[in-house]
Amino acid sequence: MSIYVFVYGTLRAGEINDLAQAVAKRGLPAARLVGAASVPGILVDFGNWPGLIPVADGRRVRGEVYLVEPALIALMDEIEEYVPGQPCCFVRREIIARLESAERGNTEIRCQYYPIDPALRGAATDIAGEDWIAHRHGRTTGGTS
């Protein structure tokens, strides 16, 4: 049974933990990109990677939804250093993502995703924008996000 996942940071295409590259290295079945999407939340900046904190105030975080085989969830848990039942910065949860597709309209889909435990955000700073990649590129070019 395939599972939908929402990724918003380093697991996105072209990022340091690019999901397609991670599965290829392990010989796992490829993840299938479903499309761009968003979920309720805000982003925080840990330097080389973001965290997502769920909020219910209308703010959203942009990312991508993929359809994956169950074996890929274990790899994603490993990348995010998530161990069920143990304190972790990232936690795996279920969320309703809103797909942003011209042909499908704004379709909602139930996904697994990895927000952070807000108690473990430490000194991470808030990101004003809704997209990690745009924020990261803005930092490296001297712009703002």
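**Group meeting: salt bridges, a helix and a core**

Hi everyone, let's start with charge: the count comes to 11 salt bridges, where a salt bridge is a side-chain nitrogen of Lys or Arg within 4 Å of a carboxyl oxygen of Asp or Glu. Please keep in mind that this is a predicted model, where local features need pLDDT of at least 70, side-chain atom pairs count only at pLDDT 80 or more, and totals for chains, interfaces and linings use all residues. Residues are numbered from 1 along each chain as its sequence is written, and side-chain values use heavy atoms, with hydrogens and water left out.

One of these pairs is Glu64 with Arg12, whose closest N and O atoms are 3.5 Å apart. The two sit in distant parts of the chain, 52 residues apart: Glu64 is in strand β5, and Arg12 is in the loop between β1 (3–7) and α1. For the record, helices (H or I, at least four residues) and strands (E, at least two) are DSSP runs, numbered from the N terminus.

Are these two partners buried or exposed? Glu64 is buried, with a relative accessible area of 12%, and Arg12 is buried too, at 7%. The cut-offs here are under 20% relative accessible area for buried, over 50% for exposed, and partly exposed in between (1.4 Å probe, protein chains only).

Arg12 also meets Asp131 in a salt bridge, 3.2 Å from N to O. Asp131 lies in the loop between β8 (125–127) and α3 (132–141) and Arg12 in the loop between β1 and α1, so this pair ties together parts 119 residues apart in sequence.

Then there is Arg62 with Glu100, where the closest N and O atoms are 2.6 Å apart. Arg62 lies in strand β5 and Glu100 in the loop between β6 and β7 (108–113), so the pair ties together parts 38 residues apart in sequence. Through shared partners, salt bridges join Arg12, Arg62, Glu64, Glu100 and Asp131 into one network.

Glu64 has another partner: its side chain makes a polar contact with the side chain of Tyr66, at 2.8 Å. By polar contact I mean a pair of N or O atoms within 3.5 Å; within protein, one must be able to donate a hydrogen and the other to accept it, and residues adjacent in sequence count only if both atoms are side-chain atoms. Tyr66 is in strand β5 and counts as buried at 8% relative accessibility.

Now for a contrast. Glu80, in the loop between α2 and β6 (93–99), is buried yet has no salt bridge. Which side chain of opposite charge is nearest to Glu80? That is Arg92, 10.0 Å away, with Lys and Arg counted as positive, Asp and Glu as negative, and His and the chain ends not counted.

On to helix α1, residues 19–26, whose buried residues are Leu19, Ala22 and Val23. Seen down the axis, they fall within an arc of 95°, so they line one face of the helix; the arc is that of the directions from the helix axis to the C-beta atoms. These buried residues pack against β5 (60–68) and α2 (70–79), contact meaning heavy atoms within 4.5 Å. The face turned away carries the exposed residues Ala20, Ala24 and Lys25.

Last, the largest nonpolar core has 42 residues, such a core being a set of buried Ala, Val, Leu, Ile, Met, Phe, Trp, Tyr and Cys residues joined through side-chain atoms within 4.5 Å. Its largest share, 5 residues, comes from β5. Thanks, everyone!
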